[in-house]
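User: I have this one open on my screen and would like to talk it through with you, a piece at a time. Could you keep to what the coordinates and the records say?

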Amino acid sequence: MNGIPNLHLWLLPILPLAGFLVNGLFGRRFPKALVSAVAILATAIPVIQVATIVARFGSLTLPHVERVATWLSAGGFHADLVFQLDQLTMVMLCVITGVGFLIHVYSIGYMAHEEGYWRYFAYLNLFMFFMLTLVLADNFVLMFVGWEGVGLASYLLIGFYVLKTSAADAGKKAFIFNRVGDFGFLLAMFLLIQHFGTLNYGQVFSQISMHPEWQGGFLTAIALLMMLGATGKSAQIPLYVWLPDAMEGPTPVSALIHAATMVTAGVYMVARTHVIFDRSPSALTVVAVIGTATCFFAATMAIAQTDIKRVLAYSTVSQLGYMFLGCGVAAYGAGVFHLVTHAFFKALLFLAAGSVIHALSGEQDMRVMGNLRKKIPVTFWTMTAAVFAISGFPPFSGFVSKDDILYNAFISSGWGKAYWFVGLLTAGITAFYMFRLWYMTFWGEDRTHKSELVGHGHGDGHGHHGGIHESPWVMLVPLSILAILSVIGGWMGWPEGLGGNDWFTHFLDPVFRVAQVPVQTVGGSKELEAILAGVSTLVALTGWFVAHTLYYAKPELPGKLARQFHGLYELVLHKYWVDEIYGAVIVAPVLFFSRFVLNLLIDRGIIDGSTYAAGMTTQGFGAIVARIQSGNIRSYAGWLALGAALLLIVTYFGFTTNFMLR
Amino acid sequence: MVPVAYYLVLSAILFSIGVGAFLIKRNIITIFMSIELMLNAVNLSFVAFANYWRQINHQFSGQIFVFFVMVVAAAEAAVGLAIIIALFRSRSTLNVDQVDLMKL
């Protein structure tokens with residue numbers, strides 16, 4: 001084929017779907033090795049395919065569009081199965097297939113002793129299918145298919161331990177909170193249809209660029225509704241509360257879905273539809289404020305958590321806030337860059353935490369860990385790489401991307417300095433709670449024998465191992481690869497202020513290029529970038545130092561501080577009581593309304609009542625009439641005679657003359 | 001010449017006796033006989049009308065109907081008596097009030 005090469009993009013999502021179908025339908029009877037082989041194959045081939053696409057990426061004309069089939073067609077409206085590839089999609093494909101594949105490999109080791117092994121891998125492949133559909137879609141409807149699908153896969157995997165009530169509840173919570181966001185996404189799509197008559201990215205964006213007079217107005221409405229969708233999927237204020245509970249799922253799931261890929265779908269969506277956001281400075285401000293607020297509050301909530309996975313969950317919420325902050329100051333490239341590096345180091349953090357949990361036979365409470373660095377050295381070193389990356393120490397990847405965002409926030413006009421300051425503060429808190437986790441888990445005295453005091457194993461089903469042991473190689477290899485990526489992953493976007501060329505941002509420039517800059521920048525320079533990088537490194541060091549003092553040098557101090565600042569500590573420990581407030585303000589009235597008004601009054605009273613009444617009337621009438629059927633021949637004959645007599649009388653008096661109206 | 005009304009009145013009286021007997025009597029044989037009485041009351045009116053029409057336009061269709069009724073009555077008697085015998089064998093009674101199984 002000359003002209004446009006055919007990349008067979010449809011194969012990317014279809015292979016995991018095939019893996020899901022094979023494992024989902026027949027996996028129950030397969031041996032575990034076969035289940036893993038199917039699942040790994042279904043994710044490994046897309047990795048290879050993505051690699052070949054990367055190899056010939058330079059020769060493609062972008063965006064590269066491949067039409068698969070006609071799907072929806074109603075009047076002039078079309079939404080077809082069309083896949084498209086551009087720089088942003090390419091980045092997402094690399095992250096999803098790469099990290100996804102590594103986590104599949106890791107899961108073979110982590111889930112080896114679990115019930116429902118086949119079910120787990122079937123769901124995981126299903127997730128890959130929907131996630132790839134989401135990023136490959138070339139219109140909003142197909143993206144929505146992926147968007148809903150990843151929500152479904154997330155629900156299934158959070159509630160994977162179906163016998164645990166808390167896991168089932170967490171799954172429902174995640175699903176319902178996502179539903180609220182999806183509602184916003186749907187409304188945004190309706191508005192798009194109303195104003196543009198199409199949901200195709202290219203057509204919508206070109207219409208917008210042809211009308212420079214369109215500013216704010218309905219574009220703000222669309223952007224805000226999309227942002228509502230993004231807050232649901234990406235766990236931002238006000239819809240973030242499902243993510244910490246999602247930690248009920250198996251740890252590799254937390255790594256893949258609730259850290260690396262699915263929760264970044266909101267960031268992807270904002271970046272993808274940046275043309276709309278660019279026209280609405282107020283919507284961008286909302287994005288930036290939500291991002292900033294989320295990143296700060298989530299970080300403070302992470303401070304007092306004792307469950308290792310929950311610390312990481314709040315940290316994920318916080319880091320996603322950074323990404324939205326980047327998007328909110330129109331530095332979409334920086335936001336996506338942080339998405340990529342975060343996928344590396346946060347997936348690594350979760351997988352390493354999973355390795356710790358595996359080593360401790362299912363224990364997740366950091367209070368009964370400690371001094372594990374000698375016992376599980378590979379986990380320790382990979383975790384260390386991730387901790388340094390997320391805390392923002394140069395030259396680790398988190399430093400580069402986070403500073404990219406903070407720099408862009410600093411030079412943006414308006415509230416830029418405020419965003420920067422809160423972001424910087426959060427960076428310090430991040431370093432603090434990550435090193436707190438690091439010290440509590442790997443340093444200090446060994447508290448593993450105290451697990452009886454805390455008194456509960458979280459029970460990922462690792463109970464029969466006995467003894468602290470390093471994980472098998474099948475888990476350690478993905479850890480090591482991700483550790484390398486966490487260290488060097490940021491180098492592809494090394495800032496110009498520090499002698500790099502910021503290749504990553506320039507790579508994405510064709511996607512994010514706009515005719516009109518929505519956010520004015522003031523006084524950006526390479527020197528300023530270098531100074532800001534130095535400042536944030538200092539802040540990170542401070543966070544490390546505080547954590548070192550509190551959790552290594554003077555381990556009795558945190559307890560004292562908690563008593564001294566009791567109110568503050570309680571506030572943070574209980575996560576600002578947000579769950580309780582939502583419960584009282586939203587859930588309780590809704591439940592009350594459902595139970596008493598909708599259920600008792602409308603459902604039972606009016607709807608059930610009317611049907612029962614109709615039924616009872618017929619039944620009562622029937623019961624009376626049924627008494628005629630006595631079985632007594634003479635009574636039948638009597639009725640017959642009565643009827644005949646009646647007819648006779650009617651006929652005699654003249655039926656037509658006397659009984660019919662003329 | 002006896003007017004047709006006389007025959008009809010006689011037919012009505014016979015029919016009413018048949019209906020009355022049917023309603024009052026409990027013995028199934030008697031009821032059966034009252035059915036025959038009703039049929040024959042109808043036959044009488046048929047014949048009377050046939051005679052009446054013969055004087056006007058020379059038609060005999062009423063008499064043809066009588067033959068139909070007689071054939072049906074004969075067949076009904078054969079089947080009915082067979083049922084009565086079967087009933088008596090199984091229930092040992094001819095009282096229709098005791099034969100009321102055909103109900104809900």
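User: Which residues of H10(A) are buried?

Analyst: In this predicted model, the buried residues of H10(A) are Thr251(A), Pro252(A), Val253(A), Ser254(A), Ala255(A), Leu256(A), Ile257(A), His258(A), Ala259(A) and Ala260(A). That is 10 of the 10 residues of the helix, which runs over residues 251-260, so H10 of chain A is largely enclosed by the rest of the structure.

User: And what covers the buried residues of H10(A)?

Analyst: The cover includes helices H3 (87-110), H4 (117-136), H5, H9 (242-245), H14 (308-328) and H15 (332-359) of chain A.

User: H5 is in that list, so how many of the residues of H5(A) are buried?

Analyst: In H5(A), 14 of the 19 residues are buried, so this helix too is largely enclosed by the rest of the structure. Its length also agrees with expectation, because 19 residues at 1.5 Å a residue should span 27 Å, and the end C-alpha atoms of H5 (residues 140-158) of chain A are 26 Å apart.

User: What about H22(A), which of its residues are buried?

Analyst: Those are Glu529(A), Leu532(A), Ala533(A), Ser536(A), Val539(A), Ala540(A), Gly543(A), Trp544(A), Ala547(A), Leu550(A) and Tyr551(A). An α-helix has 3.6 residues a turn, so residues three or four places apart point the same way. Among what covers the buried residues of H22(A) are helices H16 (377-391), H17 (397-411), H18 (416-442) and H23 (557-564) of chain A. The helix itself, residues 526-553 of chain A, has 28 residues and reaches 38 Å from its first C-alpha to its last, close to the 40 Å expected at 1.5 Å a residue.

User: Let's step back to chain A as a whole: how many helices and strands are there?

Analyst: Chain A has 27 helices and 2 strands, and 49% of its 662 residues count as buried. Its C-alpha trace spans about 115 × 65 × 55 Å along the principal axes. Of the contacts in chain A between residues at least 6 apart in sequence, 80% join residues at least 24 apart.

User: How do the strands E1 and E2 of chain A run, parallel or antiparallel?

Analyst: They run antiparallel, with 8 bridges joining E1 (residues 64-74) to E2 (residues 77-85) of chain A. The two form a hairpin with 2 residues between them, and Gly75(A) in the turn has a positive phi of about 65 degrees. Ala74(A) has Phe77(A), in E2(A), as its bridge partner.

User: Which residues other than glycine have a positive phi?

Analyst: Two examples are His8(A), with phi near 50 degrees, and Lys575(A), with phi near 55 degrees. His8(A) sits in the segment before helix H1 (11-26) of chain A, and it counts as partly exposed because it has 13 C-beta neighbours inside 10 Å. Lys575(A) lies in the loop between H24 (566-573) and H25 (578-626) of chain A, and with 21 C-beta neighbours inside 10 Å it counts as buried, because the cut-off for that class is 20 or more.

User: While we're on the backbone, where are cis peptide bonds found?

Analyst: One joins Ile237(A) and Pro238(A), with omega about 10 degrees, and Pro238(A) lies in the loop between H8 (218-233) and H9 of chain A. Another joins Pro394(A) and Pro395(A), with omega about 5 degrees, and Pro395(A) is in the loop between H16 and H17 of chain A.

User: Now chain B, how many residues of chain A are in contact with it?

Analyst: The contact involves 10 residues of chain A and 10 residues of chain B. Helix H26 (residues 633-653) of chain A gives the most to the chain A side, with 5 residues. By class, that side has 4 nonpolar, 5 polar and 1 charged residues.

User: And where does UniProt place the feature "transmembrane region" in chain B?

Analyst: The UniProt record places it at residues 4-24, 28-48 and 64-84 of chain B. In the model, residues 4-24 of chain B are 100% helix and 0% strand, with the end C-alpha atoms 30 Å apart. Residues 64-84 of chain B are likewise 100% helix and 0% strand, and their end C-alpha atoms lie 30 Å apart.

User: Last one, how is chain A divided into domains?

Analyst: Domain 1 of chain A takes in 139-148 + 157-450 + 469-575, and domain 2 is 604-657. Taken over C-alpha atoms, the centres of these two domains of chain A are separated by 75 Å.

Methods:
Residues numbered from 1 in each chain as written. Chains lettered and ligands numbered in written order. Predicted model: local features only at pLDDT ≥ 70, side-chain atom pairs only at ≥ 80, totals over all residues. UniProt positions renumbered as here; feature names shortened; annotations may be inferred. Helix = DSSP H or I, 4+ residues; strand = E, 2+ residues; numbered from the N terminus. Contact = placed C-beta atoms within 7 Å. Nonpolar A, V, L, I, M, F, W, Y, C, P; charged D, E, K, R; others polar. Expected span 1.5 Å × (residues − 1). Buried ≥ 20, exposed ≤ 12 C-beta atoms within 10 Å, placed from the backbone. Pairing = 2+ DSSP bridges. Domains from an automatic or database assignment.
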